[in-house]
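Please view the sequence and the model before reading on.

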Amino acid sequence: MAVASDRDYRYMARALQLARNGLYTTHPNPRVGCVLVRDDRIIGEGWHVKAGDDHAEIAALKNAQNAEGATVYVTLEPCSHHGRTPPCADALVKAGVSKVVAAMQDPNPLVAGNGLKRLREAGIETVCGVLEDDARRLNRGFVQRMTTGRPFVRSKLAMSLDGRTALASGESQWITSHAARQDVHRLRAQSSAILTGIDTVLADDPALTARIDADVLQPLRIVLDSRLRMPASAQLAKLPGRSLILTCSEDRHKIAALENAGFEVHQLDARNGRIDLQALMPFLAGQHINDLFVEAGPTLNGALLAENRVDEWIVYMAPCVLGDRGRGLFDLNIETMADKKTLKLADVRQVGPDLKLTYTVF
């Protein structure tokens, strides 16, 4: 493959900007942007909007009157297989483009280098790896699902200055500001699914929807409910889209009642009377979930932390104090300092009056 030029980086940056237009709508597909350039001038561009619609390359070709001899800048290797749409690699060959610059190879085993190979076999020059880190970051959930068989897991927590998530009574609305809550809705919108535990549902009866001023493909709503305590009257059953209950209960009467109410009920393996988190991750990947957003209480978050199931922790810290009788972030049994859980601070920024702290695992 050829070596990238400064011009390649400039046009790839534009392709990545286009790909971000699909931030809230493309899952389970990756976010992809494409730019067509001839004589150092953009002649067409496009991005993938949602599954089933044109891929970015096809959208860009349709926006160009004639792509013959053009250089293609695309944030992900053109596909080479028939899915819901025909192979983009074949469309580029047919259009007569002269060069294809990709940010990264497609991690999907059905493609994984075959798209670039198809282009080279047709006499088209190829370059791969331009702004690859940015492209991977944009689709880290898709990349992780394709390469490891599990989604990218991000958990959101809100706490006071003294590390409390609620008063002793359970009252928690609202610790953080309106600005922080709007930021959470944007994170929800970027996610394939939102996961919570049954205790949160029983306490708050949440909707688990993304409410932002943009087109959003609403995430799946998933509740871990080992003993099927979910009330059939919960608002999750009445909302459009899919609401899943994951359980290890075999109570057929309860399962039938919840399914009649509108829930999907799936049985997973149990461990110590609760859903086995090791079995949970491949199940979620099987549901084509790229990015999982966890909004749960200390029990589930404690279990996830104990088993290192979360890739990124986002903590909103409000400038208030709730006192030593308030509830903590995690239910964890840690008796010695040697057993403490250590995270790495990846980012810190102010959101309204609150601090947004992003942590990753080592």
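**Aromatic rings and nonpolar cores**

The model is a predicted one. A search of the whole structure finds 2 aromatic pairs, and Phe 330 belongs to one of them, together with Trp 313.

**The pair of Tyr 11 and Tyr 73**

- Tyr 11 and Tyr 73 form a tilted aromatic pair, with 5.3 Å from centre to centre and 40 degrees between the planes.
- This pair links distant parts of the chain, as Tyr 11 lies in helix α1 (residues 6-19) and Tyr 73 in strand β3 (residues 71-74), 62 residues apart.
- Tyr 11 has a relative accessibility of 5% and therefore counts as buried.
- Tyr 73 likewise counts as buried because its relative accessibility is 2%.

**The pair of Trp 313 and Phe 330**

- Trp 313 and Phe 330 form an edge-to-face pair, with a centre-to-centre distance of 5.3 Å and 85 degrees between the planes.
- Distant parts of the chain are again linked: Trp 313 belongs to strand β14 (residues 312-317), while Phe 330 is in the loop between β14 and β15 (344-351), 17 residues apart.

**Charges over rings**

- Arg 10 lies over the face of Tyr 11, at 4.8 Å from the ring centre.
- The ring of Trp 174 has the charged end of Arg 181 over it, 4.4 Å from its centre.

**The largest nonpolar core**

- The largest nonpolar core contains 47 residues, and Leu 36, Val 72 and Val 100 have the most contacts inside it.
- Elements giving two or more residues to this core are α1, β1 (33-38), α2 (56-62), β3, α3 (88-95), β4 (99-102), α4 (114-121) and α5 (132-138).
- Helix α1 gives the most to this core, with 6 residues.
- Apart from its neighbours within four places in sequence, Val 72 is in contact with Cys 34, Val 35, Leu 36, Leu 92, Val 97, Lys 99, Val 100 and Val 101.

- A second, separate core has 30 residues, including Leu 195, Leu 246, Leu 284 and Leu 329.

Key. Residues are numbered from 1 along each chain as its sequence is written. This is a predicted model: local features need pLDDT of at least 70, side-chain atom pairs count only at pLDDT 80 or more; totals for chains, interfaces and linings use all residues. Side-chain values use heavy atoms; hydrogens and water are left out. Rings of Phe, Tyr and Trp (its six-membered ring) pair if their centres lie within 6.5 Å; planes under 30 degrees apart count as stacked, over 60 as edge-to-face and the rest as tilted. Helices (H or I, at least four residues) and strands (E, at least two) are DSSP runs, numbered from the N terminus. Buried means under 20% relative accessible area, exposed over 50%, partly exposed in between (1.4 Å probe, protein chains only). A charge sits over a ring if NZ of Lys or CZ of Arg is within 6 Å of the ring centre and within 35 degrees of the ring normal. A nonpolar core is a set of buried Ala, Val, Leu, Ile, Met, Phe, Trp, Tyr and Cys residues joined through side-chain atoms within 4.5 Å. Contact means heavy atoms within 4.5 Å.
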